[in-house]
Amino acid sequence: MKLQSLLITSCIGFLLIFGSCNSKYATKKKPKLRLNLNNKGLTEIPSYVFNLTDLEVLNLHNNKLTHIPKEIGLLTNLKKLVLSRNDIISIPEEIGLLVELEELSLKANKIAFLPNSIGNLVKLELFRLNFNRLTSLPESISNLQYLSHFYVGNNLLLALPRSIDKMTG
């Protein structure tokens with residue numbers, strides 16, 4: 001198998017491989033800042049997480065979280081947020097401040113209601129909401145024009161928003 005990509009984040013690595021830091025293959029792109037706190041038995045999101053404002057990926061899968069604090073809105077650089085398999089009951093309005101979010105997983109929680117601000121996540125491409133207690137979706141869901149994967153099965157939905165036919169993702 002041929003090597004298709006190589007990311008080396010220090011000049012020393014380039015010196016060893018290419019003999020020069022000025023190689024045409026050098027990259028100035030910063031690596032994604034990720035935090036994986038899955039399967040830790042957490043009952044709340046540690047406060048230090050909200051100081052990591054450059055964070056792009058936050059994984060809190062399979063913990064014992066019951067709520068998401070409003071401080072989640074401070075993580076405005078997040079591109080992927082995984083909160084699946086917890087005991088989350090509600091989502092704060094501040095979720096709508098995460099306008100860079102491309103993937104959001106809230107699968108397998110106890111969520112009965114989504115805030116209207118969910119419609120502010122206009123870059124969202126993947127949204128997992130299946131296995132919750134939702135009875136309705138906000139009309140603002142139709143603002144998610146890039147949404148291409150929307151998992152909403154195994155809820156208690158009685159109807160879909162009228163605006164859902166406007167979604168083009």
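A close look at one residue

Modeller: Let's start with Asn155, which lies in the segment after strand E6 (149-151). Strands (E, at least two residues) and helices (H or I, at least four) are DSSP runs, numbered from the N terminus. Before we go on, please keep in mind that this is a predicted model, in which local features need pLDDT of at least 70 and side-chain atom pairs count only at pLDDT 80 or more, while totals for chains, interfaces and linings use all residues. Residues are numbered from 1 along each chain as its sequence is written, and side-chain values use heavy atoms, with hydrogens and water left out.

Asn155 counts as buried because its relative accessibility is 16%; buried means under 20% relative accessible area, exposed over 50%, and partly exposed in between, using a 1.4 Å probe and protein chains only. Who surrounds Asn155? Leaving aside neighbours within four places in sequence, Asn155 is in contact with Leu129, Asn130, Phe131, Asn132, Arg133 and Leu134, where contact means heavy atoms within 4.5 Å.

Ala108 is 47 residues from Asn155 in sequence, with a C-alpha to C-alpha separation of 9.8 Å in space.

Now step back to the sheet. Its six strands are arranged in the order E1-E2-E3-E4-E5-E6, as an open sheet with parallel pairing. Strand E1 (34-36) and E6 are the edge strands, each pairing on one side only. From one strand to the next, the twist averages 5°, an angle between lines fitted to C-alpha atoms, taken between N-to-C directions on a scale from 0 to 180 degrees. Strands pair if DSSP finds at least two bridges between them; E1 and strand E2 (residues 57-59) run parallel and are joined by three bridges. One example is Leu35, whose bridge partner in E2 is Leu58.

Leu58 turns up again in the largest nonpolar core, which has 36 residues; those with the most contacts inside it are Leu58, Leu81, Leu98, Leu104 and Phe127. Such a core is a set of buried Ala, Val, Leu, Ile, Met, Phe, Trp, Tyr and Cys residues joined through side-chain atoms within 4.5 Å. Not counting residues up to four places away in sequence, Leu104 touches several residues, including Leu81, Ile118 and Phe127.

Finally, a search of the whole structure finds three salt bridges, each a side-chain nitrogen of Lys or Arg within 4 Å of a carboxyl oxygen of Asp or Glu. One of them pairs Lys80 with Glu103, the closest N and O atoms being 3.7 Å apart. This pair links distant parts of the chain, 23 residues apart: Lys80 is in strand E3 (residues 80-82) and Glu103 in strand E4 (residues 103-105). Lys80 counts as partly exposed because its relative accessibility is 32%, and Glu103 is partly exposed too, at 30%.
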